[in-house]
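Me: Please take a close look at a single part of this model. Then connect that part to its surroundings, step by step.

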Amino acid sequence: MTDRPHPILIIVAALVYVFLMVPLVIVVGAALSDTTYLTFPPQGLSLRWFTNIFEISAFRRTIVTSLQIAFLGTFLALVIGIPAAYALNRYRVELPRWLGTLFVLPILVPEIVFGFALLKSLTVGAGVPIFVALLIGHTLLVLPYVVRVISASLASFDFSIEEAAISLGSAPLKTFFTIVLPNVRAGMIAAFILAFITSLNDVSVSLFLTGPGISTLPIQILAHVEQFFDPTVASVSVLLMFLTVAVMAVVERTLGLTFLAK
Amino acid sequence: MPLKGAAGWALSAPATLAVIGFLLVPIGIVIAGTFMDPRGIFAPYISYFNSGFRTTVLFRTLQIAALTTIISLVFGFMTAYVVSRAPARLRSLLIIAAVFPLLTGVVVRAFAWLIILGRNGILNNTLIALGLTNEPLEMLYTQGAVIVGMVYLFVPLMVLSLVGVLENIPRDVLQASSSLGASPVATFWQVLLPLAVPGLIVGAVLVFTGSFTAYATPQLLGGERQTVLATLLHQRAMVSFDWVGASTIAAIMTVITISVVLVMTNLARRINPMAT
């Protein structure tokens, strides 16, 4: 082929990939170290920092909170996001264009401003419990991903199939669940995974929505790093990476990973 | 038919109301609050820009975001070009390798650089072992550390969005250019790059707004010495309980972010009406 990239470009690209991978390898190495301080290459292999995660109650508690918020927030975002994505595609002509933009706003507005605004109006202003405010924040944070991914898979759906079912006597709601939803299953899985990972890793929105006894895992990691410099955080990081790998393996099996890159 | 429109409105109502009620209204209240200061309508902004420290923070944040964007653009574009021209199997492997860090949390990725750049970190230990320096270098809590951490955060995003753009450029155009006698370098600068400009702008907007508002990376790698708007906002609200000051920073961040997005996406659209 004539368009083979210049060798210098190939070298730069290779170095960029080294730059991307090396820090992650270092975190894994540091997590396996037997020393009480962070070091790489690891000196003596041990898994004791992994068991240490579960001995620190703050980590135990925040892992549970993070998983709860990620599951519930993603679920709620799917519940309100799927009908919205459906409406945007099905009633494209009738609905104004700004409505589509509205659902992208949560990723357009600075996350940290959004978190601060929720603190000011919900927790401080209206006395909403922190867990509820956190859940609302995460639901909105992941809503754009849900609407965008579901819209993308509905774009190729032929709505005349749905009309055929209705004209043949199927109830509209039943038609939605038996005809429309099965056709966007791949999109739903992708939306769930993207939303779940986004919620699990979020810092900026959760930052202001923590309080006595309630915090998320990334916020707890931040707090821990600022006080102690031991390998516990490296092992928590590896745990989070494993979770990501597991989720990615599921995507790869069901959809193929290039789906996420779109 | 009015009835059809009504069904559309009804189905999108829960999400619409959620975004309006929990995002637009709360942020609106924060911004409106800054104009209701008893000292005068623009008083919080006047006191913000009268403070040497706070204007330094604003310009530092803009500088870090601009440098991060430029570095990510240059390396992201070169990498994306190689990825887009790679054979199919290698290409999907390279895309996966770029997606993976993107799905790893920001805290984990900033933390990795903490291990590398620390006083007793890997880089310092290596430099001392090689005899290149006697004293450990102070790399952490510098602007360079923050920029390295940010570039690490955003290069994968740039690569992924540009690979899509480059793949959409028809190969015929490039082949036409070289068969008409243009050298590979000329084809790159005069054909490929101009066609990629709208995509480059979209990628640049993503990286600029992302690094302009990032919190975890400047907090961990920059500390108090490299305070940026996001860390200052957090510090004003949660440590000093200065709600007016925090709201003013929030308003400044929102206005700059939205303006950059609007101006740049408009520009991208004007350059190439076919671009999304």
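Reply: A:Val203 counts as buried because its relative accessibility is 3%. Here buried means under 20% relative accessible area, exposed means over 50%, and partly exposed is in between (1.4 Å probe, protein chains only). This is a predicted model, in which local features need pLDDT of at least 70 and side-chain atom pairs count only at pLDDT 80 or more, while totals for chains, interfaces and linings use all residues. Residues are numbered from 1 along each chain as its sequence is written, chains are lettered from A and ligands numbered from 1 in the order in which they are written, and side-chain values use heavy atoms, with hydrogens and water left out.

Start with the position in the chain. A:Val203 sits in the loop that joins α10 (185-201) to α11 (217-227) of chain A. Helices (H or I, at least four residues) and strands (E, at least two) are DSSP runs, numbered from the N terminus. A:His224 comes 21 residues away along the chain from A:Val203, and their C-alpha atoms are 14 Å apart.

Now the neighbours. Contact means heavy atoms within 4.5 Å. Neighbours within four places in sequence aside, A:Val203 touches A:Pro218, A:Ile219 and A:Leu222 in chain A. From chain B, B:Val106, B:Val107, B:Tyr215 and B:Ala216 are also in contact with A:Val203. That leads to the interface.

Across the interface, 77 residues of chain A meet 75 residues of chain B. Interface size is often given as the accessible area lost when the parts come together. Buried area is that loss (1.4 Å probe), summed over both parts. Between chain B and chain A it is about 7,000 Å², and carbon and sulfur atoms give 84% of this. On the chain B side, B:Phe100, B:Leu103 and B:Phe111 lose the most area to chain A, together 9% of what that side buries.

Which helices of chain B each supply at least two residues to the side that touches chain A? They are α1 (2-33), α3 (52-84), α4 (88-103), α5 (106-117), α7 (143-168), α10 (216-222), α11 (229-238) and α12 (243-271). α1(B) gives the most, with 19 residues. By class, this side of chain B has 58 nonpolar, 14 polar and three charged residues. Ala, Val, Leu, Ile, Met, Phe, Trp, Tyr, Cys and Pro count as nonpolar, Asp, Glu, Lys and Arg as charged, and the others, Gly among them, as polar.

Polar pairing between the chains comes next. Five residue pairs are in polar contact between chain B and chain A, both residues at pLDDT 80 or more. A polar contact is a pair of N or O atoms within 3.5 Å; within protein, one must be able to donate a hydrogen and the other to accept it, and residues adjacent in sequence count only if both atoms are side-chain atoms. The count of salt bridges between chain B and chain A is zero. A salt bridge is a side-chain nitrogen of Lys or Arg within 4 Å of a carboxyl oxygen of Asp or Glu.

Over all chains, the structure holds seven salt bridges. One of them joins A:Glu162 to A:Arg90, with the closest N and O atoms 3.1 Å apart. This pair links distant parts of the chain: A:Glu162 is in α8 (residues 159-167) of chain A and A:Arg90 in α3 (residues 57-90) of chain A, 72 residues apart. Both A:Glu162 and A:Arg90 are buried. A:Glu163 joins A:Arg90 and A:Glu162 in a network of salt bridges.

Chain B has its own links. B:Arg54 and B:Asp242 form a salt bridge at 4.0 Å, N to O. B:Arg54 lies in α3 of chain B and B:Asp242 in the loop between α11 and α12 of chain B, so the pair ties together parts 188 residues apart in sequence. B:Asp242 also meets B:Arg236 in a salt bridge, at 3.0 Å, N to O. B:Arg54 is buried at 18% relative accessibility, and B:Arg236 is buried at 16%. B:Asp242 counts as partly exposed at 22%.

The loop between α11 and α12 of chain B also holds B:Phe241. Its phi is positive, about 50 degrees, although B:Phe241 is not a glycine. Most residues other than glycine have a negative phi. B:Phe241 counts as exposed because its relative accessibility is 57%.

Note on methods. Buried area = accessible area lost by both parts, 1.4 Å probe.
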